[in-house]
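Reader: I would like to learn how to read a protein model feature by feature. Could we go through one together, slowly?

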Amino acid sequence: MAVLARIERVRADVHAASLDAFVVTHLPNIRYLTGFTGTAGAVVLLPDTCVLMVDFRYVTAAQALVASLQTGAIVVETVPNTYDAAIVDLLRRESCRRIGIEAAWLSVSRFNAMSSDLAGGAPTPLRADGPTPVLVATDRIVERARMIKDLSEIETIREGGRRISGIARRLRDFVAVGRREDEIAAELDAAIRGAGFSRPAFDTIVASGPNSALPHARPTERRLHAGDSTVLDFGGVYDGYCVDLTRTVQLGAPSEALRQIYEAVARAHQAAVAAVRPGVRPSVIDAAARDVLVQHGLGEAFGHGTGHGIGLEIHEDPRIARESPGLPDQPVEPGMIFTIEPGAYVPDTGGVRIEDDVLVTADGCELLTDAPRLMMIDV
Ligand code: GLY
Ligand code: MN
């Protein structure tokens with residue numbers, strides 16, 4: 001029962017922050033803590049109970065979910081009117097005084113309204129050491145726990161990685177001169193569902209020729225030409241968990257400039273994967289890729305980070321990026337899963353990106369996606 005261990009871990013952080021309660025409003029965090037998959041809900045984590053609040057639409061499903069856990073650790077409460085009124089009511093009943101909220105996810109208007117409601121209509125802001133209950137901003141408490149995947153999450157993402165790799169190995173079936181980017185994207189989306197994913201993890205990218213030099217292009221009606229590089233970036237959600245993979249397919253012989261970009265990006269990818277092991281900071285992994293591209297004169301052509309965590313969301317912590325004020329850069333640990341996706345984008349020449357998903361292991365990393373890194377189609 002993975003969720004019980006997750007609840008305990010988060011509860012320890014909540015306790016360490018001297019909070020009486022923790023209100024979780026971000027749906028992926030609610031799913032992580034309870035397994036609940038509805039489109040609305042809230043969790044109030046108390047010292048002895050985890051209260052899953054749902055509205056009328058989800059009561060039966062939530063009760064069945066909690067019953068299947070065969071533990072009293074989670075209880076379901078039905079929201080009669082609004083979520084915020086029900087949360088405030090519960091916090092009052094439990095006499096909570098210092099109440100953590102997820103600062104990244106609770107809007108300012110909800111924060112102000114709930115604060116004022118808790119204080120019996122007193123104006124905000126309230127003082128944390130004052131006589132009335134107060135909402136306290138917290139930062140990434142559940143997200144920090146989510147960075148380290150447990151065994152069931154690892155197995156799910158591994159399976160997702162196998163399935164998305166199966167599609168990547170068949171890219172020749174999708175890519176050909178004369179085909180349109182948007183047709184190929186639609187076929188990839190169908191293949192993703194056909195492979196057992198519930199949906200694509202994000203809008204599939206198919207970017208050919210000049211469009212390949214746009215790092216996050218949208219598929220257009222452009223037809224593929226001989227000589228194009230075509231970036232195909234696609235992912236799926238498998239049992240709630242995202243996987244993400246990019247390959248660049250070359251149609252016919254590349255120009256010399258493009259050939260050098262392929263070589264540089266492949267080396268950058270290899271260098272970054274080789275740098276992944278416990279204790280290494282994300283900025284060091286990023287630098288492993290970036291340095292290679294700089295050496296090839298492509299530093300300016302690589303304008304994004306080297307990777308991002310994947311899990312219940314397509315972009316999560318850790319961010320594998322340059323060191324930057326305010327961005328966490330704590331060393332990676334076993335159980336973290338993130339992408340390695342260096343790229344280089346040169347207007348008028350083309351773009352190349354190679355993306356794989358890696359799991360940090362005790363002494364290095366395991367590649368969760370596996371398909372030929374460079375694919376050339378004769379035309
Ligand atoms: N592969 C899509 C993204 O990372 O944004
Ligand atoms: Mn990605």
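Reader: Leaving aside its neighbours within four places in sequence, which residues is Asp 329 in contact with?

Author: This is a predicted model, and everything I say refers to that prediction. Contact here means heavy atoms within 4.5 Å. Once the neighbours within four places in sequence are left aside, Asp 329 is in contact with Arg 281, Pro 282, Ser 283 and Glu 323. With Arg 281 there is also a polar contact, in which the two side chains come to 2.7 Å.

Reader: Where is Asp 329 found, and is Asp 329 buried or exposed?

Author: Asp 329 is found in the loop between β12, residues 316-320, and β13, residues 337-340. A residue is called buried when its relative accessible area is under 20%. The value for Asp 329 is 14%, so Asp 329 is buried.

Reader: How many helices and strands are there in the protein chain, and how do I judge its overall form?

Author: There are 10 helices and 18 strands in the protein chain. For the overall form, one compares the radius of gyration with the value for a compact globule of 379 residues, which would be near 21 Å; the protein chain has 23 Å, and this agrees. The C-alpha atoms fill a box of roughly 70 × 40 × 40 Å along the principal axes, and buried residues make up 53% of the 379 residues.

Reader: What does the side chain of Gln 250 reach at 3.1 Å, and with which side chain does Gln 250 make a polar contact of 2.7 Å?

Author: Gln 250 lies in strand β10, residues 241-251, and counts as buried at 2% relative accessibility. The side chain of Gln 250 reaches the backbone oxygen of Gly 252 at 3.1 Å, while the polar contact of 2.7 Å is with the side chain of Tyr 262. Among the other residues that Gln 250 touches are Gly 227, Asp 228, Leu 258 and Met 375.

Reader: Which backbone atoms lie close to polar atoms of the side chain of Thr 34?

Author: Thr 34 is in helix α2, residues 27-34, and is buried, with a relative accessible area of 1%. The backbone oxygen of Ile 30 lies 2.7 Å from a polar atom of the Thr 34 side chain, and the backbone nitrogen of Phe 36 lies 3.0 Å from a polar atom of that side chain. Not counting residues up to four places away in sequence, Thr 34 touches Val 3, Val 43, Cys 50, Leu 52, Leu 65 and Ile 74.

Reader: What should I look for in the backbone angles?

Author: Most residues other than glycine have a negative phi, and most peptide bonds are trans, so departures from this pattern deserve a look. Ser 18, in the loop between α1 (2-16) and β1, has a positive phi near 55° and is partly exposed at 47% relative accessibility. Gln 70 has a positive phi of about 50°; Gln 70 lies in the loop between α3 (59-69) and β4 and is exposed, with a relative accessible area of 73%. Ser 95, which follows α4, has a positive phi near 55°.

Reader: Which residues are joined by a cis peptide bond?

Author: A cis peptide bond joins Asp 317 and Pro 318, with omega about 0°, and Pro 318 is in strand β12.

Technical notes: Residues are numbered from 1 along each chain as its sequence is written. Chains are lettered from A and ligands numbered from 1 in the order in which they are written. This is a predicted model: local features need pLDDT of at least 70, side-chain atom pairs count only at pLDDT 80 or more; totals for chains, interfaces and linings use all residues. Side-chain values use heavy atoms; hydrogens and water are left out. Helices (H or I, at least four residues) and strands (E, at least two) are DSSP runs, numbered from the N terminus. The radius of gyration is taken over C-alpha atoms; the globule rule is 2.2 Å times the number of residues to the power 0.38. Buried means under 20% relative accessible area, exposed over 50%, partly exposed in between (1.4 Å probe, protein chains only). A polar contact is a pair of N or O atoms within 3.5 Å; within protein, one must be able to donate a hydrogen and the other to accept it, and residues adjacent in sequence count only if both atoms are side-chain atoms.
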